[in-house]
Amino acid sequence: MMDMLIPLMVIIPIICALMVNILHGKDKLMRWVSLIVAIIFPIIAIIASLGTQYFGGHNSSLISSALPATLASVSSLSPGIVYVFANINRIFIFLVGIVVFLSLFTYFSERKKLSGPYLFLIFMGVASVTALLLSNDIFNMYVFFEIVALTQVGIIIASSSEYKYETAFKYLILGSIGGPMLLLGIGFILAVVGSVNIADIVAVISTNVVNPLATPLIFAFALMFFGWLYVSGLPPFHTIKSELYSRARPNGAAILQAFSVICMIAFGIAIYRIFVYVPFFKPAIIIFSLLAMVLGVSMALMQNDFRRMIAFLAVGELGFIGLGFGIGTQLSITAALFQAANELIITALLFIGFGTVYYLTKTSDTKKLGGLITVSPKMAIMVLLGGFAMAGVPPFNGFQSKIMLVQSALNAGLPELAIVAVIVSIVTFFTFVKAFHTVYLQPKPANLKFAHKKIPAIATFSVAVLLIICLILGILPDLVTKIFIPFAGGLI
Amino acid sequence: MIMSTQLVCLFAAGAFIVIGLFAAIFIDNIIKKIIGIAFIEEGVNLFIVTLGYKAGGVVPIFLENMSPDWFVANSAYPLPQALVLTSIVIGASTLAVMLALAMVLYKKHGSLSTKVILGDKND
């Protein structure tokens, strides 16, 4: 009975998306429907029992004679679409649910007139990232990612940014190259293995039914790795990803980055499971992760627009996640997953928190800002603490995941990676404090105009909730690491 | 002869992808870029659907007058076809959004040149 909740985690946001689109114009009703679903969604993730949900398909013994020879030896063959709901999915779906709820709550408080299509896009995105996390099938993951990408484009178009169409178009063009490359990689795996189910692919490759180093599989790795870089926003896609975040409404950017982190984790785990045996797999991940970290913070340092600064810092933080996968030990993968959970929360906090500055002044140019601590002192302090969490200052969650990552690099005999991670964290801290000083502490410019006199109480509430989660995960990291550790052990 | 049919399809798929990549990366006109992207998508679809090709096979639809053994021996592998069907839908959706954006961008900038459209963006 409880297992029915697994598909409901995808179905409910889809139904909600359709409803809010139909209800466009009836603001009160849209608000209630969205909030109820946004509250129900993380609750379902908590109460659903772990398990597997099969959609259609046939008994594999009945169709075994019709299957390619490669699959005949797979005893646990899954011929239909399969959703697997494990504890790790529970954590990430819950966190996405919290971010979406708080972002929507903030959006409702900032706008009297709501947009049905905008809410439709958000809920379709939520349904897609949930399905992406649950799916045990690389083709379905590709399909859901494409839907996420389209919803991301839609969220940008729905913003009021002047160059939203240009950014959306550029993202679509790059996506239309990265997406098909991912699909082509899946095609190569299909050609060799005969299945797109991840468990079946791993079973076939690990038992040497096919040559693990066969040229098509290496091609598949290269193409899927390229696709993963696009999905995650790692270099060379870091610029467009950060541009995407900075063009969205701040509460929309919080949701967009959450989607990106989930896509990165879901595809990262899938690629890790399938290709971990490839000799240059881990070095490739480490190189691109280091590039993301270095380029992310150095470009953040140069920004005068605080939305872009957070966007680049978010890309830099993605590098930490990749680094954990690249080191490839149980501790490092645990650190990577923990870092992903932390980034989801911290970046959302910063986007919503700094977003209140944009709400007040309608500008995100730090040269035009100053003295805002007198307008919103509570928010200023919470944003500062959020920045500390991102930079890895104790006692926040960012500190726990980063120290775990540094420790894992040292344990793996890679002290140079630990040094880079520490330096990048210090630069992140410096970048953030500089922006904070400019926006909140330096004298208020005489020509600074305010669109609103004070920030909505709900925005303060949302940021406070996210900060409390950061603090709880920082003080009690075992809450999540006890789930990540066995998962990481199984992965390696 | 039949084997060469599959090979021809694979070469055609490769050609589609390479031509599409060239157009998407190097051609300035956004409509031609979009056409290039359509080439890439169709090339990938052709590649995948070719994987399910079976020499002298039949479509994988089981009819009443077929014996199960004959069907298993002669039908093409249906999984690639199912995947491509979904992929076509996704490609069409992406293409529609891109064309809509191209129209908006043309109205805004009065040009279809990428240099003009993205060059104007200076904030």
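1. In this predicted model, helix α13(A) passes helix α16(A) in a left-handed crossing. Helix α13 covers residues 306–327 of chain A and helix α16 covers residues 397–411 of chain A. The two pack at an angle of about 30°, and their axes are 10 Å apart. Angles under 35 degrees count as roughly parallel, and α13(A) and α16(A) are therefore roughly parallel to each other.

2. The residues that form this helix pair can be named. On the α13(A) side they are F320(A), L323(A), G324(A) and I327(A), which meet K402(A), L405(A), S408(A) and A409(A) of α16(A).

3. The largest nonpolar core deserves attention next. This core has 222 residues, and those with the most contacts inside it are V99(A), L132(A), I262(A) and C263(A). Helix α14 of chain A, residues 330–361, contributes the largest share of the core, 20 residues.

4. Which residues does C263(A) touch, once its neighbours within four places in sequence are set aside? They are V129(A), L132(A), F145(A), V148(A), V231(A) and S232(A). Of these, L132(A) is itself listed with C263(A) among the residues with the most contacts inside the core.

5. Turning to the interface between the chains, 29 residues of chain B are in contact with 25 residues of chain A. On the side of chain B that touches chain A, four helices each supply at least two residues: α1 (2–26), α2 (30–51), α4 (78–109) and α5 (114–119). The largest share of that side, 13 residues, comes from α4(B). Its residues divide into 20 nonpolar, four polar and five charged.

6. One residue of chain B may be considered individually. Q81(B) lies in helix α4 of chain B, the helix that gives the largest share of the side touching chain A. Is Q81(B) buried, partly exposed or exposed? A residue is buried with 20 or more other C-beta atoms within 10 Å of its own, and exposed with 12 or fewer. Q81(B) has 16 C-beta neighbours inside 10 Å and therefore counts as partly exposed.

7. Leaving aside its neighbours within four places in sequence, Q81(B) is in contact with V49(B) and G52(B). Q81(B) and I35(B) are 46 residues apart in sequence, and their C-alpha atoms are 23 Å apart in space.

Note on methods:
Residues numbered from 1 in each chain as written. Chains lettered and ligands numbered in written order. Predicted model: local features only at pLDDT ≥ 70, side-chain atom pairs only at ≥ 80, totals over all residues. Contact = placed C-beta atoms within 7 Å. Nonpolar A, V, L, I, M, F, W, Y, C, P; charged D, E, K, R; others polar. Axes fitted to C-alpha atoms, helices over the stretch in contact; angles between N-to-C directions. Parallel < 35°, antiparallel > 145°, perpendicular 65-115°, else oblique. Left-handed = near helix turned anticlockwise from the far one by under 90°. Core = buried A, V, L, I, M, F, W, Y, C linked by C-beta atoms within 7 Å.
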